Amino acid sequence: MFKRLVNIGSKTLEVYKRGFGQPVIVIEVGMGTSMDEWSYILEKVSETATVLIYHRAGYGKSTIDLKEERTIYNIIKDLHILLEKEGISENIILVGHSFGGLCIQHYANKYSNKVKGLIMIDTTTNEYNKIESLKKQLVFINKKYNTNKMIDRWNSLAMKNQDELVKEISSQFLKNGEEDLGEKERSRLEFLSKPNLYRAMSSEFNNMIDSGKEIQHFCKFSNIPLKILIRDKVVEINKLVNNGIPNEEAKELESLIQSLIRKQVSLSRKGEIIEAKNCGHNIFDDSPELVIATINDVIKNTIK
């Protein structure tokens, strides 16, 4: 992937753009996700439209202002400046995975005249506070997936240098030595070995609930196409159970997540839920062809 750096004034963002013409597909990645993980989808979608993906502040080679909170407001402000720099001002189809899905909701609401469609992939719900509340009530979930411990872990990683991070994180990838790593694993290891990533993620997560509450009060998209891809409930429950979570706790948590994601279909009168069978949270990785087909479907509806 040929990436370049774009100066947006307060920081520099790493960008990849491919294809020609309109509409322009703009992808907002999930928390802790690299644009490299979307390479196959980018290649295929660029055959019929322009596609742009970027790394938010602190991700990849994108710089970060450590004095600035990574609120969704600041994230979409960065994105808006970036798109202006790239000459993209109309016929935008937004694609967002997980936390990226929450970000594109805010962007579509603020710049509704520019956005022609949204695709939210297992998106973080704007009522995430309800999920956090339930997690605290579930004994095994709270012990294994405690949010405060997760943020403390990220803050600890942010204090290490890159060499220290490589040494600590490489154990997740290596079995018999670094020479066994494939290109995909090497790329992922490099992405995860930068302290600013953890500074960014910690700030994003700390501000996520308040940002979601803000969106709740005003977010509506009227008549634009909205596709919501949602993971397979059984896959996620089994994943939790295999990680030591009792079946009842796993079912209760996943049922709430599913209901809150599905609820967001009401944001547009042209909203549609698409169930991604046999897929976990990372639908873009588990079923890239489904994501490509969904994007192409929205493109067709846009150019009618």
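Student: Why is Glu28 called buried?

Tutor: Glu28 has 2% relative accessibility, and buried means under 20% relative accessible area, exposed over 50% and partly exposed in between, with a 1.4 Å probe and protein chains only. Glu28 therefore counts as buried. The model is a predicted one, in which local features need pLDDT of at least 70 and side-chain atom pairs count only at pLDDT 80 or more, while totals for chains, interfaces and linings use all residues. Residues are numbered from 1 along each chain as its sequence is written, and side-chain values use heavy atoms, with hydrogens and water left out.

Student: Where is Glu28, and what does Glu28 touch?

Tutor: Glu28 is in strand 3; helices (H or I, at least four residues) and strands (E, at least two) are DSSP runs numbered from the N terminus. Contact means heavy atoms within 4.5 Å. Not counting residues up to four places away in sequence, Glu28 touches a set that includes Tyr54, Arg56, Val95, His97 and Cys103. Tyr107 lies 79 residues from Glu28 in sequence and 11 Å from it in space, C-alpha to C-alpha.

Student: Is Thr33 buried or exposed?

Tutor: The relative accessible area of Thr33 is 7%, so Thr33 is buried. Thr33 sits in the loop between strand 3 and helix 1 (39-45). Leaving aside neighbours within four places in sequence, its contacts are Trp38, His55, Tyr59, Arg188, Phe191 and Phe284.

Student: What is the omega of the bond between Gln22 and Pro23?

Tutor: Omega is about 0°, and the peptide bond joining Gln22 and Pro23 is cis. Pro23 lies in the loop between strand 2 and strand 3.

Student: How do you know that strand 7 is largely enclosed by the rest of the structure?

Tutor: Five of the five residues of strand 7 (residues 226-230) are buried, so the strand is largely enclosed. Leu226, Ile228 and Ile230 point one way, Lys227 and Leu229 the other way, and all are buried. In a regular strand the side chains alternate between the two faces of the sheet.

Student: What makes strand 7 a partner of strand 6 and of strand 8?

Tutor: Two strands pair if DSSP finds at least two bridges between them. Four bridges join strand 6 (residues 115-121) to strand 7, and these two strands run parallel. Strand 7 and strand 8 (residues 271-275) have five bridges, also in the parallel sense. Met120 has Ile228 as its bridge partner in strand 7, and Ile230 stands opposite Glu275 in strand 8.

Student: Why are strand 1 and strand 8 said to stand at the edges?

Tutor: Eight strands form an open sheet in the order 1-2-4-3-5-6-7-8, with mixed pairing. Strand 1 (4-7) and strand 8 each have a single partner strand, so one side of each is left without a neighbour in the sheet. Strand 1 pairs with strand 2 (residues 12-18) over four bridges in the antiparallel sense. Within that pair, the bridge partner of Arg4 in strand 2 is Val15.

Student: Why are helix 4 and helix 11 called roughly antiparallel?

Tutor: Helix 4 (residues 128-137) and helix 11 (residues 247-263) pack at about 175°, with their axes 10 Å apart. Axes are lines fitted to C-alpha atoms, for helices over the stretch in contact, and angles run from 0 to 180 degrees between N-to-C directions. Angles under 35 degrees count as roughly parallel, over 145 as roughly antiparallel, 65 to 115 as roughly perpendicular and the rest as oblique. The two helices are therefore roughly antiparallel. Residues making the contact include Ile131 and Leu134 of helix 4 and Leu253 and Leu256 of helix 11.
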